[in-house]
Each structure stands twice: as structure tokens, then as C-alpha cells.
Amino acid sequence: MKVERQDWSDKDQWQQVGVYSRQIFVQQPNRRFVRGLVLTEERVRLFHFDRSGGMYTPLISIHKKPNIFIRLVVGLNSLDEERVGLDTSIKWSLEKGRKSQGTLTTQNANGSAQITYDLCEVEHVVGYYSIRGRATQCWSVSDPNTGTQYLIKDCWKDETRVSEYIYLEDAKGLAGVAQMASFEPNRGETKLLRDGRGVLHEDFHNRIAVRIIMSSYGKSIEHFKSAKQLLRALRDALIGHMELYMKLILHRDVSVDNILLGKKVDGPEPPPGFCGILIDLHMAIKGGRDTDKRSADWRSSIALLLSSVAMAGAKEAPPPLAQDYLDDIESFLYIYAYLIHSYDSRGKSCSMPQFILRWKWDPAESVVTSKRAFYTDKFVTRHLAQNWPKACIKLLHSFQDWVHPYVSAKRELTLINHEDPGSISIEERKALTKEIARQYREVIRLFNGAICQLEAEGEEGAVEVTTNEVETVIYVERFETPSGALELPSSAPATPGGCPDSSPLANKVLRLNARKALKRYPEEDPEEVPEAKRGHEGPSTPPRKNAVPLEVPDRPVKPKNYVLPGLPLARL
């Protein structure tokens with residue numbers, strides 16, 4: 001790159017070359033590093049970027065040190081692809097200047113030989129668009145001999161973290177968890193891409209290239225096509241999370257992108273236990289670590305789906321307890337709430353309600369407050385009532401009721417011990433998690449009950465809410481005992497296909513006049529609805545402004561002057 005301005009500062013050079021280097025990483029996904037020159041009439045400077053960041057040399061006089069200048073030019077124009085920063089295990093053939101097909105070479109299952117897979121798609125199925133970081137990229141490949149499809153994951157892990165393949169090795173054979181076929185533990189390190197001086201800086205963190213070959217699954221859970229498919233996927237992913245935790249592995253990064261839909265094998269449905277697959281154990285921790293003193297870093301997670309206690313690490317909030325499996329279960333609730341409020345029961349996208357937008361964009365302390373209100377201010381939006389079966393709405397409220405006591409108990413502990421969080425005793429921490437198997441089983445039964453109700457009533461059970469003089473039936477099932485704890489019959493199966501006996505459940509059917517039940521609450525909907533993530537036929541669903549409060553006896557009703565503040569367009 002030639003410099004034509006005399007006042008071009010080092011910072012300006014760094015930013016400009018960084019922009020170009022980032023584009024090279026994006027357009028050439030098999031890039032390991034990028035190097036470039038900034039050249040003037042008298043001086044030259046070399047820039048180097050890899051997954052640990054970047055570095056540059058002092059300005060070098062091309063007249064006083066011509067040999068260095070020549071070496072730089074020759075080195076950057078080498079015909080050796082590895083020397084210029086390319087990963088030669090991934091190759092493409094070209095037709096008319098465009099990629100037509102490709103191959104990926106890696107180790108076989110026992111690591112004794114190399115195997116070359118065909119790329120199912122010439123581009124990666126998961127990309128990374130920054131320079132520094134894990135740079136996770138996934139490739140869909142197939143075995144040329146058997147036709148079996150796999151998903152190959154390349155990433156650059158921090159050398160201080162435990163490699164994901166160690167957890168996946170322990171997870172072999174577990175339902176609801178991604179299955180690993182083979183792996184390459186060390187395909188290079190960023191410290192080997194620099195000279196000795198480039199790794200001495202305090203901001204440098206060495207990263208190691210890791211490749212994992214896994215079984216192939218479907219798209220993310222966000223691409224569900226029916227209510228039953230969504231509930232089955234969430235349930236099986238939750239079972240997978242339980243199986244991992246029973247092996248002392250805590251996932252810690254439950255999100256929409258980390259739950260995949262299962263693939264059909266021999267029948268119309270995926271195999272039992274594999275309707276939903278939990279992936280990405282990069283953030284997982286192993287049991288036996290000092291987890292009592294370790295909390296989540298909400299800035300490296302998705303605020304929309306992170307538990308309210310884990311997010312309480314913001315500056316104005318009390319310090320949280322260590323993240324545990326209850327926080328991950330809470331994330332499953334937020335995933336479910338996000339999906340049924342952002343899509344209809346057939347998977348078509350709709351405009352998001354204001355509280356979901358706030359979870360995505362507001363500061364951490366505001367999100368924590370909003371999520372706590374989510375448990376007490378229950379209401380059924382017009383979108384839910386019109387587009388989702390009653391079983392799904394009932395499941396949302398039952399799930400909220402189950403999570404709420406644990407969130408409140410954790411919140412109380414952090415408030416009591418705000419001045420000295422270390423004073424929270426081990427006994428107090430363990431009191432929340434003393435019946436792990438029962439807690440998982442209760443949540444799984446909630447999903448099984450909703451799935452059985454869908455199968456019994458059909459998926460066309462959405463409540464119709466209109467302003468005509470018609471009666472609207474809203475089912476509200478309370479699963480509370482006098483003590484406030486959830487008690488389900490011990491005979492109820494917890495297997496993926498089991499349906500719990502619903503006889504102990506106190507079903508209350510409230511028949512509300514639709515015109516009287518509809519209450520308008522002022523909301524400042526954004527003028528521009530974000531573009532749908534997936535295209536669909538027909539006009540997009542208009543913003544939902546009316547809500548149907550569930551006026552359940554002996555429970556507080558949302559006040560009439562309750563206002564959901566809008567989100568400024570600038571935040572979108």
C-alpha cells in the first residue's frame with residue numbers, strides 16, 4: 001500500500017491496514033495470517049495480523065537498507081502458499097475464476113493416516129468476521145467413499161483454555177450432544193508465526209489451531225417448522241445438558257446457535273433423544289475446578305439469553321454467585337421465550353416485542369431488571385394467542401414458575417452478602433443444587449406434558465383473539481403446591497417419549513369475553529422492523545400492540561397504566 005499523505009500517523013496506518021487485512025481474512029477463510037507493506041518514497045513498514053492480534057515494524061529506510069526491502073518484497077510474493085499465510089489443507093478448483101468445488105484434508109478417526117473429504121459447499125457454513133479471537137469456522141464435508149456427511153470445526157483456542165475435544169471425548173454416546181468422530185489437537189500456534197519479540201508484549205495471548213470432526217446435524221433451532229419440532233428439540237438439548245452435567249461438564253454457553261435440529265435418519269422424525277443437539281463446548285468447564293469463585297463474563301456471552309444472576313456482574317449490580325447448571329436452565333427458558341415471541345408456530349418470523357429488544361440492546365443492569373420482571377408480569381400477547389397452541393403458552397408460564405424461585409433465592413443470597421460475596425457459605429450454595437436429578441426431571445416433564453398435549457389436540461390449537469363478540473378460551477395450569485415447590489408423580493417417565501400423568505395438575509379454564517379482555521398498553525414500537533432472518537411468503541406480520549393479561553385468581557394483575565418504554569431507533 002502506497003502512502004501519499006505526509007501526515008499519516010502510525011495509528012492511521014494501523015487502522016487502514018487492519019481494515020484491508022480483515023477483508024482478506026473474510027474473503028479467504030483458509031487464511032492463517034496476513035502480512036502487508038506500507039510504502040513511501042523513502043521508507044517501508046511491515047504489518048502482521050493473526051488470530052492473536054497484530055504487530056508492525058519501525059519505519060525502515062529503503063535506501064539505507066535495500067537488502068531488507070528486497071527480502072520483504074520477495075517474501076510477500078512467494079509461490080509457497082504456506083509461507084504467505086494459507087492453510088493448504090483446504091483447496092478449491094476454479095471455473096471461470098470462481099470456486100466450483102473443494103476438498104479438505106485431515107486425520108482419520110484413529111489419527112494414523114490422512115483422509116480427504118469433499119466440501120458439500122464451497123463456502124463455510126459458519127464464518128468469523130473479526131481478526132482477533134477464536135475465528136471459529138465450520139465446513140460441511142462428505143466422505144467420498146461412504147457418502148457420510150460430517151461437520152468440521154476449525155478454531156484458534158487460547159492456550160490457557162481446555163480444548164473442546166476433551167469434553168467431546170467424554171460426551172461420546174450421550175443423547176442430545178454433538179458426537180465427535182476425530183480431531184487434530186494442534187495445527188499451529190500464533191507464537192510460531194511471529195519472531196521472539198512479537199510474543200513478549202503483555203497483550204499477546206498465544207492461540208492454538210484446533211480441528212474437530214463431528215457428525216452432521218441440521219440447522220440451528222431457529223429454523224424449526226412446527227411447534228412440536230421446537231419443543232422436542234429444546235427437550236432433547238436439555239437432556240443432553242443434563243447428561244453432560246452428570247459427567248461433571250457444565251456447558252455455560254446455551255444459546256440459539258448452539259442448539260441444532262436433529263437430522264432424520266430412517267423415519268419421519270430424528271432418532272429419540274436426538275431431535276435437538278447441544279453443540280459448542282468451548283466455554284464449558286470441568287467439575288472439580290474452583291467454580292465457587294468463577295462467574296460468567298456476560299460481555300463474552302449473549303445478553304439476550306444469559307441468566308439474570310450471571311449478568312449481575314455489571315458495575316452497578318451486586319456480584320453474582322458462580323454460574324451453575326441452574327443458570328443454563330434459565331437460558332433455555334429465555335431461548336424458548338425468544339423463539340415463540342419472534343416466530344409463529346410454523347417458523348415464520350414476526351416482529352419482536354419490546355421486552356425482547358430490550359434484552360438484546362439495553363445495558364446489562366437494565367436487562368437484569370427486565371428479566372426479573374419477566375417472571376412476575378405475565379401476559380399473553382396477541383401474537384402468542386393468535387399464532388401458538390395453548391400447550392406452548394402454558395409451557396412458557398409453567399417454565400417461568402419453575403425458574404422463578406431459584407432466581408429469587410440466588411438474588412437474595414447476593415443481596416445479603418453484597419459487601420462480602422466470599423462470605424456465602426458452601427452450604428448455602430449447595431442448598432440450591434442439592435437435588436440435581438429431580439430438578440432436571442421436573443423441567444423435562446414440563447416439555448413432555450406440552451408435547452403430549454400437542455399430539456392429543458393437534459398443533460392448530462392457537463387461541464383466536466379478535467375484537468368481535470366471541471369467547472376466547474385461555475388455558476392456565478398452575479403447577480404449584482402449598483409449599484410453592486413443584487411436585488410431579490414419581491411414576492411419570494422422564495424419557496423423551498414419555499407423557500406424565502396430568503391427573504394431579506389443577507387445570508383452570510378461564511373463559512374471557514374477548515372484547516372486555518383486550519386491554520391496550522402504550523408501547524413505542526420501532527418504525528422500522530428488523531429484516532426477517534428467513535424469507536417467507538406473504539406480507540410480514542404487523543407489530544403486536546395489544547396484550548391479553550391472564551387474570552388468574554389470587555395473582556396480581558398488571559396495572560392499567562403499565563407502559564413498556566420503546567427502544568430508540570438508534571439502538572437498532
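Asp-118 stands opposite Ser-142 in β8. This is a predicted model, in which local features need pLDDT of at least 70 and side-chain atom pairs count only at pLDDT 80 or more, while totals for chains, interfaces and linings use all residues. Residues are numbered from 1 along each chain as its sequence is written, and side-chain values use heavy atoms, with hydrogens and water left out.

**The sheet.** Strand β7 (residues 114-119) pairs with strand β8 (residues 137-142). The sense is antiparallel, over two bridges. Two strands count as paired if DSSP finds at least two bridges between them. Both strands belong to an open sheet of seven, ordered β5-β6-β7-β8-β9-β11-β10. Its pairing is antiparallel. From one strand to the next, the twist averages 35°.

The loop between β7 and β8 holds Ala-135. Ala-135 is not a glycine, yet its phi is positive, about 55°. Ala-135 counts as buried, at 4% relative accessibility. Buried means under 20% relative accessible area, exposed means over 50%, and partly exposed lies in between (1.4 Å probe, protein chains only).

**The whole chain.** The protein chain has 13 helices and 20 strands. These are DSSP runs numbered from the N terminus: helices are H or I with at least four residues, strands are E with at least two. Of the 572 residues, 50% count as buried. Take contacts between residues at least 6 apart in sequence: 70% of them join residues at least 24 apart. Contact means heavy atoms within 4.5 Å.

**A helix pair.** Two packed helices are described by the angle between their axes and the distance between the axes. Here, helix α4 (residues 227-246) packs with helix α12 (residues 436-457) at about 165°. Their axes are 10 Å apart. Axes are lines fitted to C-alpha atoms, for helices over the stretch in contact, and angles run from 0 to 180 degrees between N-to-C directions. α4 and α12 are therefore roughly antiparallel to each other; the cut-off for that term is over 145 degrees. The crossing of α4 and α12 is left-handed, meaning that the near helix is turned anticlockwise from the far one by less than a right angle.

The contact draws on residues of both helices. From α4 come, among them, Leu-231, Leu-238 and Met-242. The α12 side includes Ile-436, Tyr-440 and Phe-447. By class, the contact has 17 nonpolar, two polar and four charged residues. Nonpolar covers Ala, Val, Leu, Ile, Met, Phe, Trp, Tyr, Cys and Pro; charged covers Asp, Glu, Lys and Arg; the others, Gly among them, are polar.

Leu-248 sits in the loop between α4 and β12 (249-250). Leu-248 is not a glycine either, and has a positive phi of about 65°.

Two residue pairs are listed here by C-alpha separation.

| Pair | Separation in sequence | C-alpha to C-alpha distance |
|---|---|---|
| Arg-22 and Ser-130 | 108 residues | 6.5 Å |
| Leu-326 and Ile-436 | 110 residues | 9.2 Å |

Arg-22 is found in helix α1 (residues 10-27). Arg-22 is partly exposed, with a relative accessible area of 33%. Leaving aside residues up to four places away in sequence, Arg-22 touches Tyr-129 and Ile-131.

Leu-326 belongs to helix α6 (residues 325-342). Leu-326 is buried, at a relative accessible area of 6%.

Notes: Angles under 35 degrees count as roughly parallel, over 145 as roughly antiparallel, 65 to 115 as roughly perpendicular and the rest as oblique.
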